Amino acid sequence: MKFLAIVFSLFLFMLHLGLYGQSGAAGNEFTFMFYNTENFFDTENDSITNDEEFTSEADRRWNPARLHSKTERLAKVILAAGKWNAPVVIGLCEVEDLKVLELLTRNEPLTKYRYKIVHKDSPDSRGIDVALLYRPDLFRPFDYQAIPVIDPTDQSFKTRDILQVSGVLNGWDTLHVFVNHWPSRFGGIMETIQYRSLAAETLNKSVQNLYSRYPKAKILCMGDFNDTPTDDSLTKILEAKASDNPDIKGELINLSSGWVSNEIQTIKSKYSWDVFDQLIVSDYFLDKNECFEFRNAEILKAGFLLEPDIKFGGVKPKRTYVGFKYQEGFSDHLPVLLRFELLNH
């Protein structure tokens, strides 16, 4: 096991060197990141949530060694995402609690960045939450809130909160980040569409409230929306556009819209890839300013995150489990990244 870990670390190190060389070693290029970590649970049974399958006694045999391995792998994905310059802000979902986030930020590859954590337990029945990690040398939050997604007709409905964090980027300009994990399609697309519509309405209302206080707000909405950029929840309810119309201000622009034609997208079900993990910004975020300049948005498709899809062809994300078989993978989602240049760094 130790030998495999050393080989894996060396492989990642060489990968990082290659990425660094390709980027031209641009010292002012930085990254915002979102990643669905897929079942990043601790090993303890929480009596008020449905997390029993991720305990050592359950069929998955989830234990401290496997948790430690998962934590190390997530840390290495984060470093790979930043091309050896760790991301400034990282949105995460499917994390169980503060304990696993602290394990991640204290992992040896990440410790030098001194990541801080914004997290609040949400009412999700499985106990999974969204969270934000940030580098305090480059991003300083001054306000945050967990925004509940509520069904007024069904008090028993529970899902993840939307996390809103406002802060100052590099001591210069204000950035507002929303981290999302909208209700899943489990149980059927049409049967669950109303819940994603509720999440879209909640996010849209929060964005409009923000605009009422900060008319030219620089906004970044990141998350696993469990819908694609062309679905009504994104296009009609949230009103996220595929491209910016310079004659209309205050629009939300879905930087992920073009990914729907990619061979590899962010999640795969049988033969089909989809773009569930997205980055959506206000048009003011894209405007020329003295703090930063937008470069591009992309899916991290590093080879080590993928494996051959023997059954359905091509490749697929390398998961921690296939069914109940443990395989030391990463996640069923690929990370999504926003690259930008700091102009005042």
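Two strands count as paired here if DSSP finds at least two bridges between them. All the views below come from a predicted model.

**View 1. Strands β10 and β13, side by side.** Strand β10 takes in residues 252-254, and β13 takes in residues 277-282. The two run antiparallel, with three bridges joining them. Zoom in on I253 and you'll find its bridge partner in β13, V281.

View 2. Step back and β10 and β13 turn up in an open sheet of seven strands. Reading across, the order goes β5-β6-β7-β8-β13-β10-β9, and the pairing is mixed. At the edges sit β5 (139-147) and β9 (240-241), each pairing on one side only.

**View 3. Helix α4 lying across the sheet.** Here's α4, made up of residues 189-213. The strands it lies across are β5, β6 (162-169), β7 (173-181), β8 (219-224), β10 and β13. Against β7, helix α4 runs at about 170°.

**View 4. C221 and its closest cysteine sulfur.** C221 is tucked away: it's buried, with a relative accessible area of 0%. The closest cysteine sulfur to its own belongs to C93, and at 15 Å that's too far for a bond. A disulfide would need the two sulfur atoms within 2.5 Å.

**View 5. C291, another buried cysteine.** C291 is buried too, with a relative accessible area of 0%. For C291, the closest cysteine sulfur is the one in C221, 18 Å away, so again too far for a bond. With the 2.5 Å cut-off, the tally is zero disulfides.

Technical notes
Residues numbered from 1 in each chain as written. Predicted model: local features only at pLDDT ≥ 70, side-chain atom pairs only at ≥ 80, totals over all residues. Heavy atoms only, no water. Buried < 20%, exposed > 50% of the residue type's maximum accessible area, 1.4 Å probe, protein only. Helix = DSSP H or I, 4+ residues; strand = E, 2+ residues; numbered from the N terminus. Contact = heavy atoms within 4.5 Å. Axes fitted to C-alpha atoms, helices over the stretch in contact; angles between N-to-C directions.
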